[in-house]
Amino acid sequence: MAFSAASALVVPTAIGTKVTECFQNIARQNSAIEIDCFCLMPNHLHGVIIIKSENEKNGTTGASFPTVPDKEQSLPEVIRAFKSVTTRYYNKIAQ
């Protein structure tokens, strides 16, 4: 029987499951962020994060550039928090 990548089942480890959960929670905890897609790899994650414009956050239409009203919603802060949470979880389960 030939191998098919489409039929391969990948089961993440406990830390992989937690990383996936944390990445999905980014958008739930920040109204200016939307997760477009992501792919969990064995030792890292690829993801597309969309920073919404003020119009998109408020549900209105019209051209607008993405704005970041405060530091908590900046991309570096979002990534820092994500890495901090997942690193603490990893260190806890790795002991």
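This is a predicted model: local features need pLDDT of at least 70, side-chain atom pairs count only at pLDDT 80 or more; totals for chains, interfaces and linings use all residues.
Which residues of helix 3 are buried? Glu77, Val78, Phe82 and Thr86 are.

Residues are numbered from 1 along each chain as its sequence is written, and side-chain values use heavy atoms, with hydrogens and water left out.

**View 1. The protein chain has three helices and two strands.** Helices (H or I, at least four residues) and strands (E, at least two) are DSSP runs, numbered from the N terminus. Along the sequence the pattern reads α-β-β-α-α. Of the 95 residues, 20% are buried. Buried means under 20% relative accessible area, exposed over 50%, and partly exposed in between (1.4 Å probe, protein chains only). Contact means heavy atoms within 4.5 Å. Among contacts between residues at least 6 apart in sequence, 36% join residues at least 24 apart.

**View 2. Helix 3 spans residues 75-94.** Its 20 residues reach 28 Å from first C-alpha to last, close to the 28 Å expected at 1.5 Å a residue. The expected span is 1.5 Å times one less than the number of residues. Glu77, Val78, Phe82 and Thr86 are its buried residues. They cover an arc of only 155° around the axis, which puts them on the same side of helix 3. The arc is that of the directions from the helix axis to the C-beta atoms. An α-helix has 3.6 residues a turn, so residues three or four places apart point the same way. The face turned away from the buried side carries the exposed residues Pro76, Lys83 and Arg88. Cover for the buried residues includes helix 1 (14-29) and strand 1 (33-40).

**View 3. Helix 1 packs its buried residues against strand 1, strand 2 (45-51) and helix 3.** Those buried residues are Gly16, Val19, Thr20, Cys22, Phe23, Asn25 and Ile26. The 16 residues of helix 1 should span 22 Å at 1.5 Å a residue, and its end C-alpha atoms are 22 Å apart, which agrees.

**View 4. The largest nonpolar core has eight residues.** They are Val19, Cys22, Phe23, Ile26, Ile33, Ile35, Val78 and Phe82. The largest share, four residues, comes from helix 1. A nonpolar core is a set of buried Ala, Val, Leu, Ile, Met, Phe, Trp, Tyr and Cys residues joined through side-chain atoms within 4.5 Å.

**View 5. Phe23 and Phe82 form an edge-to-face aromatic pair.** Their rings sit 5.5 Å centre to centre, with 75° between the planes. Rings of Phe, Tyr and Trp (its six-membered ring) pair if their centres lie within 6.5 Å; planes under 30 degrees apart count as stacked, over 60 as edge-to-face and the rest as tilted. The pair links Phe23 in helix 1 to Phe82 in helix 3, 59 residues apart. Both are buried. Leaving aside neighbours within four places in sequence, Phe23 is in contact with residues including Cys37, Leu45 and Ile49.

**View 6. Val19 is found in helix 1.** Val19 is buried, with a relative accessible area of 15%. Not counting residues up to four places away in sequence, Val19 touches Leu40, Leu45, Phe82 and Thr86.
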